[in-house]
Structures are given as C-alpha cells and as structure tokens.
Amino acid sequence: MPTAGPASLCSRTPQVPAERLVAEMVPPPRFDAVRFATYIPDPGQPSQREAVRVLEEFAGRLGDTGPAPGGLRGLFRRRSRDTGGDGPRGVYLDGGYGVGKTHLLASLWHATPAPAEHKAFGTFVELTNLVGALGFRRTVDTLAGHRLLCIDEFELDDPGDTVLVSSLLSRLVERGVALAATSNTLPDRLGEGRFAAADFLREIQGLSAHFRPLRIDGEDYRHRGLPEAPAPATDGAVERAAAETPGASLDAFPDLLAHLGRVHPSRYGALCDGVTAVCLTGVDAVPDQSTALRLVVLADRLYDREIPVLASGVPFDRLFSPEMLAGGYRKKYFRAISRLTALARDAGRMGGGPTGGTGEGDAGRVA
C-alpha cells in the first residue's frame, strides 16, 4: 500500500474558535522552560542584569495582592523605586534583536504568582487579532480578569492600531491589569517612520504613560560566532527531506504566499498544527508589502513552535527588497530574516538538509 506524501500547508484552512485564541495566550512552546535564572546576562551589558532585577521585583509585587486581580489598583498606587505612586502600570523592554527580550517577558509571565488563566501572553498582532475575533468590548471584559498582560513585539503599524491598542490598554489599566511589553521602539516613539505620528501624538503619549521603559543593550546572540546561514538546498533535496521526515509539509513558495492571503493571520498558528518541518521550493523575493507582512506573521508562528524550515531558491536574507528593508516595517522584516535563518540552521538536522549550526548561539538565552 503506497504511503501518503508530505502534507501541504496550502491544503489547510483551519477554523479557530475565539475561545482557543484566548486559551492559547500563553508563552509559546519555545519559551516553556525559560526562567529568570536561565537568562544569562552579557557581562559587558549591565542593562541586561538590571532588567532581570527590575522584572523580578515587578513579579514579586504582583504577588502582594490577594487572589482577585482587581487588587492591582491598590498595588500600583503604592510607591516604590520602580513605579511612582501613580506611575506606570507596566514595564516596557526595549532593545535590538536577539538580546533576550522575549525570554525575559516569558520569565515574567512564569514568575507572576497567579493561575495561568489569570495571565495572558501574546504578540501585538495576536492581540489585535483577538480584538478582531471577539470585538473590543468582549476583549476588554475577557482580559480584565487577568492579573498580567504580556505583549511581545509591540509595533504600531497604522493609525487604526494606534487608537485601538491605546484604548484597549487604557481600559485594562483602569480595570487593574498589569502590563508588560517588548519592542524595538521606545513607547514615546511608537509610530515614527510608519505614519504621520503628529496626527496621533495624543494616543502615542497616552500609551507611553502606561509603561516604565527598560533599555536592554546587546548584540543579536543568534549571530555571535555562528556560521553563515546555510545556502539554500536544491529542489530535489527539499523534496527528499520532506518525504523522509514524518510530519513535514511541502509547498511551492509562491503557492504558500497566495494561500496566506486566504487565511486570516490569527489562524497561522493552527495552520502549523502537527507540522514537524516546513519544506519550501522556489523561494524568491516577496512581491509586495501586504504579502511580506503576512510572511512575517508566519515566520513568528514557526519560530515560536521551533519548526525547522528547509528551502530552495534565494537565501532568506534576500526575501525583502532594499526598499522594504529601508521602510517603515523594516524592523519586522529584519526580525523575520533573523528567525527564518535560525530555523534554516535547525533544518540542517533533517535528512537531505544543508549542513550548518543548530540555530542557537547561547543555550541560556532565547530570543
């Protein structure tokens, strides 16, 4: 009896109930085991050790309340050296790529003494997708019962998102929810290079007031002393690896890009359910910005789930045009390149894959 060939992501159109979107707002599998103790600060970057100290104290203060999350209203009116009496309701981790911001954010989630159902962790895109799925009022009511909301990769890409997120977080702070976020952009500079920030200055300034910024300096650990990203494989090698790897998917890159346009980004995680490796043929430069932004979301979901990516065609650092890399979404594109390159190194362990490193340069740090 012939065996079935590799699966195709293009054949999947997952339907994700809103309840699953809420239940899955936890640190992704890559960050299940991270803790403050497993973060290894760079000795040459004192801001990294200081960030650990501040976040550990922040988590401890969250534990000073009773079981009702609403008790945070009193918590944040207390004076401390980290937040004034009526100071910021959260912390904002700012830094470059690969300095371990997500590791620290997930460690804060794990260290906060509250049941998992009273803590939420998601990317900025996942948060906006949740509002799209539930509606604004229901999202506020759902998250208002949480002690902590962690938002990873905080980026404001358009005026609508600025107003939406500013309003959402303001409502949640009023309901006593603590906030923590990571980004490559300081909160008082959100929107720079993306749109006419002056037109939304009030919203941006209001959003900034909710956070105490913590700068984390350092270089991208994924590229400290690591070999160059492996060269793309041949079509034949990709197809053989897909056939020999249980649970692998196999798609032509242009077909996958077209399929992403037919699936809501909130479902990209479900698109990867059960997939052990993603094999792609004919990788080429992404043709337009809308497609590029969808690919960024898929890259994040693959990276969260540690799914290796084996590909033929152009190297991943040529996915986005020079104009895209110089534009307002450049930080997202560089993050996608960094993550896809790490996953391409992971694919070196697959049969028929290129040789290379494992994609991790610091066993104690996860980006």
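Phe 320 is buried, with a relative accessible area of 3%, where buried means under 20% relative accessible area, exposed means over 50% and partly exposed covers the values in between, computed with a 1.4 Å probe on protein chains only. Tyr 333 also counts as buried, at 0% relative accessibility. The model is predicted, so that local features need pLDDT of at least 70 and side-chain atom pairs count only at pLDDT 80 or more, while totals for chains, interfaces and linings use all residues. Residues are numbered from 1 along each chain as its sequence is written, and side-chain values use heavy atoms, with hydrogens and water left out.

The structure holds 6 aromatic pairs. In one of them, the ring centres of Phe 320 and Tyr 333 are 4.5 Å apart and the ring planes lie at 20°, so this pair is stacked. Phe 320 lies in the loop between β8 (309-313) and α13 (322-325), whereas Tyr 333 belongs to helix α14 (residues 330-346), so the pair ties together parts that are 13 residues apart in sequence. Tyr 329 pairs with Tyr 333 as well, with ring centres 6.5 Å apart and planes at 55°, so that pair is tilted. Both of these tyrosines, Tyr 329 and Tyr 333, are buried. For such pairs, rings of Phe, Tyr and Trp (its six-membered ring) must have centres within 6.5 Å, and planes under 30 degrees apart count as stacked, over 60 as edge-to-face and the rest as tilted.

## Other aromatic rings and charges over rings

Elsewhere, one aromatic cluster is formed by Tyr 92, Phe 124, Phe 154 and Phe 211.

Two rings carry a charge over the face, a term that requires NZ of Lys or CZ of Arg within 6 Å of the ring centre and within 35 degrees of the ring normal. Arg 30 lies over the face of Tyr 303, at 3.8 Å from the ring centre, and the charged end of Lys 119 sits over the ring of Trp 109, 4.2 Å from its centre.

## Overall content and helix α4

The protein has 14 helices and 8 strands, which are DSSP runs numbered from the N terminus, helices being H or I runs of at least four residues and strands being E runs of at least two. Of the 367 residues in the protein, buried residues make up 54%. Among the contacts with a separation of 6 or more, 85% are accounted for by residues 24 or more positions apart, contact meaning heavy atoms within 4.5 Å.

Helix α4 (residues 101-111) is mostly covered, since 9 of its 11 residues are buried. Those buried residues include Lys 101, His 103 and Ser 107, together with Leu 104, Leu 105, Leu 108 and Trp 109.

## The crossing of α10 and α12

Two packed helices are described by the angle between their axes and the distance between the axes. The axes of helix α10 (residues 253-260) and helix α12 (residues 289-304) come within 9 Å and cross at roughly 95°, the axes being lines fitted to C-alpha atoms over the stretch in contact, with angles that run from 0 to 180 degrees between N-to-C directions. The two helices α10 and α12 are therefore roughly perpendicular to each other, on a scale where 65 to 115 degrees is roughly perpendicular, under 35 roughly parallel, over 145 roughly antiparallel and the rest oblique.

From α10, the residues Phe 253, Leu 256, Leu 257 and Leu 260 meet Thr 291, Arg 294, Leu 295 and Leu 298 of α12. By class, this contact of α10 with α12 has 6 nonpolar, 1 polar and 1 charged residues, where Ala, Val, Leu, Ile, Met, Phe, Trp, Tyr, Cys and Pro count as nonpolar, Asp, Glu, Lys and Arg as charged, and the others, Gly among them, as polar. Also in α12 is Ser 290, which counts as partly exposed at 46% relative accessibility, and its C-alpha atom is separated by 8.7 Å from that of Gly 261, 29 residues apart along the chain.

Leu 343, found in helix α14, counts as buried at 0% relative accessibility. With its neighbours within four places in sequence left aside, Leu 343 is in contact with Arg 30, Leu 302, Tyr 303, Glu 306, Ile 307, Pro 308 and Val 309. The C-alpha atoms of Leu 343 and Leu 310, 33 residues apart along the chain, are separated by 8.0 Å.

Most residues other than glycine have a negative phi. Glu 306, in the loop between α12 and β8, has a positive phi near 55° and is partly exposed, with a relative accessible area of 42%. Glu 153 also has a positive phi near 55°, but lies in the loop between β3 (148-152) and α7 (159-174) and counts as buried at 10% relative accessibility.
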